[in-house]
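Visitor: Could you walk me through this one? I'd like to start with the aromatic rings and then move to some strands.

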Amino acid sequence: MNPRLILLTVIAAATSPVFAEQAADLKPMLTKAGKLTVEESFDAPALGKLWSAAKGDWQPRDGTLVGKEKKEDKHAAVLALGQPNRDSIIRFAFKLDGAKSMSLSLNSTKGGHLFRVSIAPESLVINKDKDKKDPQSKTVALGKADAKFNDGKWHTVLLEMKGASVAVQTDNGVKLSASDAGLDVDKTGYRFVTAGESLLIDDVKVWSVAP
């Protein structure tokens with residue numbers, strides 16, 4: 001086990017059906033929201049300057065963002081939100097509309113992947129990513145919950161980051177928190193990742209964390 005892993009707490013996981021909701025008013029459980037730094041509803045015909053597509057095809061369409069893989073990329077579709085942060089809160093809605101999975105990935109400003117929240121039709125996982133600069137490094141599971149994220153249904157996710165701790169919750173009852181000393185670093189922003197066709201994203205909000 002990674003020696004920097006100092007705490008893992010699975011607070012709760014949904015075990016009964018809950019109606020999916022696109023704009024669920026989820027409340028932070030780890031932090032207190034400060035200034036709203038990003039608010040995006042994808043009503044414009046093109047992505048704003050904070051957004052950049054690294055892989056795949058990402059297009060605003062009818063007030064939502066639609067992302068899907070390109071076969072020629074031979075890689076999952078990746079969209080970056082360039083909002084540097086260390087401690088922050090991000091909330092967004094998503095719909096798997098043919099996509100096999102989606103992730104919200106965070107990278108360190110020092111380079112390399114840091115951690116990600118990965119969602120599949122029947123699970124949500126928090127993983128600390130392998131450090132590509134360290135040959136001894138391995139991916140470490142910080143938390144996992146069983147839950148239903150049905151194809152064609154909207155869901156809302158709230159992710160909080162404060163120091164070495166992270167917490168994630170969803171509108172269908174998942175609540176996970178974890179802590180690892182390696183997470184307490186400056187981050188480049190947020191990366192939406194999807195495999196398959198297609199993923200819909202909407203109602204993205206980012207806050208700083210109040211003192």
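Guide: What follows is a short talk about ring pairs and strand pairing. This is a predicted model, in which local features need pLDDT of at least 70, side-chain atom pairs count only at pLDDT 80 or more, and totals for chains, interfaces and linings use all residues. Residues are numbered from 1 along each chain as its sequence is written, and side-chain values use heavy atoms, without hydrogens and water.

Visitor: How many aromatic pairs does the structure hold?
Guide: There are 5 aromatic pairs, where rings of Phe, Tyr and Trp (its six-membered ring) pair if their centres lie within 6.5 Å, and planes under 30 degrees apart count as stacked, over 60 as edge-to-face and the rest as tilted. In one of them, the ring centres of Phe92 and Phe192 are 5.1 Å apart with planes at 90 degrees, so this pair is edge-to-face.

Visitor: Is Phe92 buried or exposed?
Guide: Phe92 is buried at 1% relative accessible area, buried meaning under 20%, and Phe192 is also buried at 1%.

Visitor: Which residues do ring pairs link into a cluster?
Guide: The cluster consists of Phe42, Trp51, Phe92, Phe94, Phe149 and Phe192.

Visitor: Switching topic, why is strand 13 largely enclosed?
Guide: In strand 13 (residues 165-170), 5 of the 6 residues are buried, so the rest of the structure largely encloses it; strands here are DSSP runs (E, at least two residues), numbered from the N terminus.

Visitor: And which way do strand 12 and strand 13 run?
Guide: They run antiparallel, joined by 6 bridges, and two strands pair if DSSP finds at least two bridges between them. Leu158 stands opposite Gln169 of strand 13.

Key: Buried < 20%, exposed > 50% of the residue type's maximum accessible area, 1.4 Å probe, protein only. Helix = DSSP H or I, 4+ residues; strand = E, 2+ residues; numbered from the N terminus.
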